[in-house]
Each structure stands twice: as structure tokens, then as C-alpha cells.
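Dear colleague,

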Amino acid sequence: IRLLFDSKYQRLKIIDIYDIRRVKLKYCNSIFSAPGITPTLEIIRQCFGPTRAGDRNIKQQLFLLLFRGIVFVFPLWNTGSSLPVFDADGLDFSEPSVEGSLILSRLRIFTGNNPVEAILPNIPLDCFKNHHYAEGVEGVRDCENGTITGLKINLQILNEETAQNRINGDSAIKQIERIINFSDSPQDVMSTLGSPDKVFYKDEDKMRIHSSSQHKQPVSNTSDYFFNYFTLGLDVLFDGLYHRVKKFVMHTNYPGHYNFNSYHRCLFSLSFPPDTNNDSQCIEVTAFTKWSEVQDYFTQPEEKPVVLSRSSSTNNTNPFGYTYCYNHQNVIFEVMKNSHIASVIVFKPHCS
């Protein structure tokens with residue numbers, strides 16, 4: 001089985017079963033493919049009922065039987081032979097001899113009229129019972145100094161009034177706009193975003209050594225802690241002493257990163273004002289921006305990044321290698337070796 005995901009939203013788009021012999025398949029309690037049951041065109045039609053005549057791919061010598069949301073592929077040649085079973089040109093595929101001879105080789109399940117134009121299905125309503133999702137996240141800037149002071153989040157939540165209507169799923173989902181800022185309390189954040197999926201307490205601050213004033217910072221007896229919102233692709237860090245927001249971490253969830261598949265992709269958009277020295281234009285950084293496209297705006301040629309190696313407390317190995325951290329204003333970009341941005345950290349000014 002091959003699973004194809006949408007490149008932007010990272011949700012399952014197509015299920016491709018390319019080795020029928022290894023999978024047991026049934027529809028409405030009727031088994032049409034299994035060990036001992038050969039999935040012929042005749043069995044498929046008996047199981048799924050009447051449909052259109054089917055499409056013939058003369059170039060690839062294939063017969064395609066298409067239903068809404070599923071397509072069956074039948075080869076017109078014998079396995080291990082270049083000779084076709086039937087000539088696709090002018091053949092009547094409704095003949096019993098033909099139906100019993102064509103054997104299913106693969107099928108694809110999708111949403112839409114055909115797999116080429118497959119559309120991304122909506123998030124199932126059951127997924128909203130304990131979670132909510134973000135359609136987009138924007139940075140909120142201070143008008144005076146231009147630094148990012150918070151995040152504006154476009155949330156998708158379950159509309160309780162229409163959630164009982166299982167026919168029209170769109171009406172059961174509503175969008176609301178919420179803003180979280182630095183110095184918000186845990187109660188403020190939970191009132192805005194809901195309860196976190198997890199609370200994580202930091203054991204140590206490995207970035208403290210890079211602070212220009214780290215020798216002035218006393219070691220605290222309290223531990224900073226994260227609110228992890230996995231379906232938002234967002235972490236919120238609170239100061240362990242004052243219990244106020246001090247950092248936001250937005251994850252892009254790219255394959256090849258240490259945290260891949262732990263978070264949903266955060267579809268953030270951060271705008272940076274033009275550089276007056278270089279007379280450049282406004283720069284916008286999103287989850288799909290590659291660092292090589294904006295590196296000249298944020299860094300100087302002689303500037304070196306901080307090298308970051310992640311590992312867990314139980315396993316010190318990291319098969320994905322190092323990432324590189326670049327700082328601009330109160331924003332840190334974590335960049336992978338392939339130039340994709342793995343995460344963006346926005347911290348409170350004058351806070352390490």
C-alpha cells in the first residue's frame with residue numbers, strides 16, 4: 001500500500017494499493033479480493049454494481065473501471081509476457097469471456113471524480129472533539145520598534161450548535177480569530193487556545209550559554225514549561241517564576257527533521273519590514289520558504305549559525321543530523337541541511 005499526502009496540509013489524499021495479492025479487500029461485507037479469490041472484472045462488477053463502460057488506455061494496454069472515489073486498473077497483458085490478453089481497441093468489455101479473464105492489478109481510493117483531479121477531504125468531525133486546528137498564523141508587530149509581540153491565529157473549531165448534522169460537515173466547523181501575546185498567563189492562553197495537548201517542563205536551558213548576559217542570570221529553582229499544541233504545530237513557553245509567555249515555537253513538520261510527525265504543520269506567515277540600508281522590499285517568511293531565498297536579508301556573509309543537535313533523554317543518537325539556527329531581531333530560524341525551515345522561534349525581547 002502506498003499513501004499519498006497533500007504537500008501543503010499534509011493530510012492523506014490518495015490510497016494506492018499496488019499489490020492486490022497482499023491485501024484482503026471487501027465492500028459492503030462482500031469480499032472481492034483475498035487469498036483464494038481472484039479479483040476479476042466480473043467479480044468487481046457484481047460487488048460494486050452497474051457503472052459506466054470503463055476507459056481503455058490503448059498506449060499502456062490498461063482497462064480502467066472508474067467509480068466515484070475509486071478506480072480499478074486491469075492490465076491487458078499476461079504476467080511475464082509482452083503479448084496482450086485482448087486487443088483494447090474495439091473490444092467489448094461486457095462480454096462474459098472478457099470479464100472473467102481480466103484480473104485486477106491495482107486500485108486507488110480518493111476523494112473526487114478521478115485520481116488525477118483528487119481533492120483534499122475535509123478533516124473528519126470526530127477529530128474536532130478533543131482538538132482544534134489552525135488555518136493560518138500571523139505575527140503581530142509592535143508599531144514602535146517593529147518586533148513581533150504576539151501571534152494571531154485563525155482557528156478551526158467544532159460548532160456545537162450544528163455538530164449533530166453529520167450530512168453537512170462544513171457547517172459544523174467554524175473559524176475564529178484569536179491573539180496570544182508575550183506576558184500572557186497560562187490562564188489567558190488556555191482561554192484563547194484551549195487546554196494544551198501536553199505540558200512539558202524543561203530540565204535545562206542549553207541556549208543560555210549563547211546569551212550575552214548569561215553570567216548575570218542566576219540559576220532559578222523553578223523550571224520553565226511548554227504548552228504543546230500538536231494539532232496547531234505550536235509550542236508556548238512560560239517563565240517558571242513569573243508564569244508569563246516568553247517564547248512561541250512554530251513547527252513546519254518537514255520529513256528528515258528530528259520532530260517530524262510529532263506536530264501538524266503550522267501554516268505561519270511572518271512579514272519583515274524592508275531593510276533601509278539595502279533599500280530592499282518587505283520580506284514574507286512562510287512554512288514553505290527556503291532559507292536560501294531569504295538568507296541575504298537576514299544574515300551577513302561573515303555571520304555563523306548556532307549548530308543544534310537534538311536527542312532524547314533515553315537515546316542520544318539522532319539519525320537526521322544537525323540543524324542550524326539564525327537570529328534576526330527577536331526571531332530564531334532553525335534551518336535543515338536542505339535549506340527548509342524546520343521551526344521558527346519567536347522570543348520576548350530582552351529574554352534569552
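K247 belongs to strand β15, which covers residues 245-251; strands (E, at least two residues) and helices (H or I, at least four) are DSSP runs, numbered from the N terminus. The residue is buried, at a relative accessible area of 11%, where buried means under 20%, exposed over 50% and partly exposed in between, with a 1.4 Å probe and protein chains only. Between K247 and F226 there are 9.1 Å from C-alpha to C-alpha, at a separation of 21 residues in sequence.

The model is a predicted one, in which local features need pLDDT of at least 70 and side-chain atom pairs count only at pLDDT 80 or more, while totals for chains, interfaces and linings use all residues. Residues are numbered from 1 along each chain as its sequence is written, and side-chain values use heavy atoms, with hydrogens and water left out.

As to confidence, pLDDT (the predictor's confidence in each residue, from 0 to 100) averages 84 over the protein chain, and 81% of the residues score at least 70. Strand β14 (residues 234-238) has the highest confidence, at 98, and helix α2 (residues 96-99) the lowest, at a mean of 52. Over residues 87-92 pLDDT stays under 50. Where pLDDT is low, the predicted coordinates should not be read in detail.

The largest nonpolar core comprises 40 residues, and L234, M250 and F333 have the most contacts inside it. Such a core is a set of buried Ala, Val, Leu, Ile, Met, Phe, Trp, Tyr and Cys residues joined through side-chain atoms within 4.5 Å. Strand β10 (residues 148-158) supplies the largest share of this core, five residues. Apart from this core lies another, of 19 residues, including C47, F48, F74 and L104. Beyond its neighbours within four places in sequence, F333 has contacts (heavy atoms within 4.5 Å) with residues including F272, W291, Y324 and I341.

An open sheet of six strands is ordered β1-β2-β8-β7-β6-β5, with antiparallel pairing; two strands pair if DSSP finds at least two bridges between them. β1 (2-5) and β5 (55-57) stand at the edges with a single partner strand each, so one side of each is left without a neighbour in the sheet. Four bridges join β2 (residues 12-17) and β8 (residues 106-110) in the antiparallel sense, and I15 has I109 as its bridge partner in β8.
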